[in-house]
Amino acid sequence: MNVIIDTDPGIDDAVALSVILNNACFNVQLITTVAGNVTVEKTTKNALKIADFFHATVPIAAGASRPLIKTFEDAARIHGESGMAGYEFAEPTRQPSVQTAVEAWHELLTQSSEKITLILTGSYTNFALWYREYPKDAAKIDKVIAMGGTLSSGNMTSAAEFNVFTDPDAAKILLASELPITMIGLDATLKALVNQKWLDDISALNQSGSMIASLISHYNDRHVDGWPLHDVNTIGYLCHPDFYQAKRLWVDVITDGPAIGETVADIRAAYHQGQTNVTVVTDINQPAFAQWLKTEISLMLR
């Protein structure tokens with residue numbers, strides 16, 4: 001599967017990158033970064049560090065440094081000031097592309113003879129900028145898998161999930177794009193938990209497991225039963241859709257006021273003449289997810 005992954009590492013993003021860079025099912029053609037968990041300068045450096053750790057030569061391009069309209073608000077309180085607290089990576093051995101994320105997307109898509117899957121694990125600002133400038137490129141997109149949103153309560157406000165809250169105007173553009181979109185939000189990802197025993201197990205597997213366990217143990221998003229690995233579910237869904245339950249819905253995004261960033265679903269199919277614009281993942285088989293991820297880590301080459 002040919003993929004572009006757009007990301008804001010971020011501890012759970014770093015785990016998602018670790019998995020996708022080591023899974024032969026994916027041909028990662030481009031990594032792009034966006035401001036989100038920390039600034040775009042930091043997310044770009046973190047993506048380079050993860051790529052270097054796995055000796056991956058995938059092109060990496062830096063993207064948007066702020067949302068389209070809304071004031072930028074990071075999540076350093078969750079991921080640490082660097083965005084990847086808990087492990088001392090070597091300094092990157094290369095620089096990001098001279099192209100912006102949008103230009104890198106455009107060049108890759110126009111030159112590709114095959115369709116490409118977009119995986120979005122940060123805010124959707126790069127998507128919105130690209131789609132507004134190069135809408136004809138959308139013909140080269142196979143599908144979009146986006147971590148974000150919630151049908152219930154949020155993790156940024158009582159109503160809003162972080163990625164959508166970060167740039168609700170970009171989320172609105174994504175949902176209006178008419179592309180085949182799967183949104184994996186908090187209804188599932190808050191159940192995608194790993195616990196201390198799981199961390200101890202993967203830490204003993206190999207150097208990759210030790211690195212990932214160190215990152216997760218410093219992830220300040222711990223719940224009673226463990227740490228939710230939100231962004232990893234984008235990869236899990238592509239590998240094992242059978243782990244997940246999903247439904248087609250029409251979803252809108254609130255772009256201002258106290259509910260800014262809320263994803264509002266027409267769950268009764270009452271207001272859009274039966275039309276839908278997104279597949280929403282609503283549940284997960286957590287034991288299967290955790291076991292799959294442990295196996296993926298055990299197969300990493302370092």
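Predicted model: local features only at pLDDT ≥ 70, side-chain atom pairs only at ≥ 80, totals over all residues.
I began with charged pairs and counted 5 salt bridges, taking a salt bridge as a side-chain nitrogen of Lys or Arg within 4 Å of a carboxyl oxygen of Asp or Glu. Residues are numbered from 1 along each chain as its sequence is written, and side-chain values use heavy atoms, with hydrogens and water left out.

**Entry 1**

I picked the pair Asp 283 and Lys 191, whose side chains meet at 3.0 Å, N to O. This pair links distant parts of the chain, 92 residues apart. Asp 283 is in strand β12 (residues 278–284), and Lys 191 is in the loop between α8 (186–189) and β7 (193–194). The labels come from DSSP runs, numbered from the N terminus: helices are H or I with at least four residues, strands are E with at least two.

**Entry 1: pockets**

Next I went looking for gaps. Rolling a probe the size of a water molecule over the atoms shows where empty space is left. The search runs on a 1 Å grid over the protein atoms alone; a pocket is an open set of points with protein on both sides within 12 Å along at least five of seven lines, a cavity is a set where a 1.4 Å probe fits but cannot get out, and lining residues have an atom within 4 Å of a point. Grid points are joined across faces, edges and corners, and a volume is the space filled by probe spheres set on the points.

The largest pocket holds about 260 Å³. Which of its 22 lining residues are closest to the centre? I found His 79, Asn 155, Phe 162, Asp 221 and His 230 there. Helix α3 gives the most to this lining, with 3 residues. I sorted the lining into 8 nonpolar, 7 polar and 7 charged residues. Here Ala, Val, Leu, Ile, Met, Phe, Trp, Tyr, Cys and Pro count as nonpolar, Asp, Glu, Lys and Arg as charged, and the others, Gly among them, as polar.

The second largest pocket comes to about 160 Å³. Its lining has 8 nonpolar, 2 polar and 1 charged residues. Among them are Phe 26, Phe 54, His 55 and Arg 302. I noted α1 as the top contributor here, with 3 residues.

**Entry 2: a cavity**

I got 1 cavity of 30 Å³ or more from the whole structure. About 50 Å³ of space lies in the largest cavity. Its lining includes Gly 148, Gly 149, Met 183 and Asp 187.

**Entry 3: two helices**

How do α9 (residues 196–203) and α10 (residues 207–217) pack? Their angle is about 150 degrees and their axes are 7 Å apart, with axes fitted to C-alpha atoms over the stretch in contact and angles running from 0 to 180 degrees between N-to-C directions. So α9 is roughly antiparallel to α10, a label for angles over 145 degrees. The contact (heavy atoms within 4.5 Å) includes Trp 198 and Ile 202 of α9 and Ile 212 and Ile 216 of α10. I counted no charged residues in it.

Most residues other than glycine have a negative phi, and most peptide bonds are trans. I found a cis bond from Pro 9 to Gly 10, with omega near -10 degrees. His 55 has a positive phi, near 55 degrees, and sits in the loop between α2 (40–53) and β3 (60–62).

Technical notes: Parallel < 35°, antiparallel > 145°, perpendicular 65-115°, else oblique.
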